[in-house]
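Let's take a walk through a protein model together. Have a look at the picture first, and then we will go through some of its parts one at a time.

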2 protein chains.
Amino acid sequence: MRNLTEQSISDAVLARFSECPDPRLNQLFSALIRHLHEFAREVRLTPDEWMAGINFLTAAGHITDEKRQEFILLSDTLGLSALIDIIQNGDKPEQTTESSLLGPFFREGAPNLPFDADIAGPVEGERVVLHGRVTSIDGTPVAGAMLDVWQAAPNGLYDLQDKNQPEMNLRARLRTDAQGRYRFRSIKPASYPVPTDGPVGKMLNAVGRHPFRPAHVHFLIAALGHETLTTALYIDGDKYLDSDAVFGSRKSLVVGYSHFDKVANDREPQMDAIKFDFVLNPSPQRG
Amino acid sequence: MRNLTEQSISDAVLARFSECPDPRLNQLFSALIRHLHEFAREVRLTPDEWMAGINFLTAAGHITDEKRQEFILLSDTLGLSALIDIIQNGDKPEQTTESSLLGPFFREGAPNLPFDADIAGPVEGERVVLHGRVTSIDGTPVAGAMLDVWQAAPNGLYDLQDKNQPEMNLRARLRTDAQGRYRFRSIKPASYPVPTDGPVGKMLNAVGRHPFRPAHVHFLIAALGHETLTTALYIDGDKYLDSDAVFGSRKSLVVGYSHFDKVANDREPQMDAIKFDFVLNPSPQRG
């Protein structure tokens, strides 16, 4: 541990993990240390810059609480979350619906609502109905699939950020019917900035990046015999589609508004609709 | 931003920094993102492992306060702090005293104490006197150099961790005399564990590493016309010298106890001594 050079310090640190009882943990820390050290050597990181990094992480930790997760936001804005998603889901069959970020605003325990329920509560805005089917790769409808849906209000805020929305507003758990169909009513989503009052917002500003996400609605779809799908639908024409601050938007998940069948929608005949069919990947067969 | 692959996501993220007004910031973020993404690809980081990382950083942020800096401890235990120190100081002339970590326990505002002061306060332990000279590279004594010294008590705790020590105990600011000499009295330092009750302690335990630092006394030495030196003296024979949990110990900074001159030390004639001469690097000449 003595007479260390810029290069040999890395080997000295790696050697200290030789007693690690868990091979995967050893692999993770070894790779982390190699890349972290290589980063510092490559940019010749100065003590002041290092301290700025320490202060950044400290501020991120202090602003994080039950309702705010600045480290996930950091991971999102650096594209790490999107990369993890692609690593995890990139090898699925092409027919399956592409995944997208879970994001920091998912909440467990959304209310179970019936087919065709309205999830917008007191929030006002342009009305929309979202509907379609959940099928397996071979086109078989998936009955009884559980859809968690959640979205921000037109003011860009999720329920847990917004004092004017009741708890769990614009969130629901819905089930597909016997034909694999889902349908719910809501308001049209709008593009919105990620939280900018913390260190990540300051970072985006310092590097000249905007903080906006294109308008979207989140879906988490779980069904027996299938892999759970985390995804979102993005609204065609949104100006931030190609520069999503968290790198979540995908071409295959972009949807436009269409006119909804009047007969099926006699309560709100002028309502626009989003129609999207989700295709789930069957779970691997067990021996 | 759409139809992204495991590789192209990195380019997409890097492209978003093209408007960064600060070239150095752009360089830092570009390198950070490349290494971060390469790490995730290399180890095939899973969503659960990613979430464990998010939770680790969150816990580190929440335990960090004015008296506790878990992110610095993390940097220290991963060898990043030592690497930053080597990058910063590795090209100094060989005659100069080697630098070592500042560590998380330095505090501004230690009391100014006179030559030969006792910094141990009410703390009991084996007595020691530390003395020597501060010189420039050419051997010229540096008069009026300011030495910040700080150390842990024999229980392994610094003042700010220990309810039984007064504020700023075992800390002092001392000045060298006209001959460049410094001298102060204290208690012998002991090896001690870094804080293990937080996420970094859990990490060390999980990977099979001990949390101990070898016994040491910190020095921060500032003098006109010279670069400030952050270093520490490590006690010969300490069992953790070769496995310092934070990679701070250096062979050139290891010191043994010797018998101190009775005449100069008639107050405590049986006292052991540590003698060390610090050599400062002259500041670069201006214009």
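Helices here are DSSP runs of H or I with at least four residues, strands are runs of E with at least two, and both are numbered from the N terminus. This is a predicted model, in which local features need pLDDT of at least 70 and side-chain atom pairs count only at pLDDT 80 or more, while totals for chains, interfaces and linings use all residues. Residues are numbered from 1 along each chain as its sequence is written, and chains are lettered from A and ligands numbered from 1 in the order in which they are written.

Let's start with helix α2 of chain B, residues 23-43.

Which residues of α2(B) are buried? A residue counts as buried if 20 or more other C-beta atoms, placed from the backbone, lie within 10 Å of its own, as exposed if 12 or fewer do, and as partly exposed in between. Among the buried ones are L28(B), F29(B), I33(B) and L36(B). Their cover includes α2, α3 and α5 of chain A, together with α1 of chain B.

That brings us to the contact between the chains. Two residues are in contact if their C-beta atoms, placed from the backbone, lie within 7 Å. Chain B and chain A each bring 67 residues to it. On the side of chain B, α2(B) gives the largest share, 16 residues.

Now turn to chain A. The axes of its helices α4 (70-77) and α6 (199-206) come within 9 Å and cross at roughly 25°; axes are lines fitted to C-alpha atoms over the stretch in contact, with angles from 0 to 180 degrees between N-to-C directions. The crossing makes α4(A) roughly parallel to α6(A), a term for angles under 35 degrees. Residues making this contact include L73(A) of α4(A) and L204(A) of α6(A).

Finally, chain A has an open sheet of five strands in the order β4-β3-β8-β9-β10, with mixed pairing. Strands pair if DSSP finds at least two bridges between them. β4 and β10 of chain A stand at the edges with a single partner strand each, so one side of each has no neighbour in the sheet. Five bridges join β3(A) to β4(A), and these two strands run antiparallel. V149(A), for instance, has A172(A) in β4(A) as its bridge partner.

Note on methods
Angles under 35 degrees count as roughly parallel, over 145 as roughly antiparallel, 65 to 115 as roughly perpendicular and the rest as oblique.
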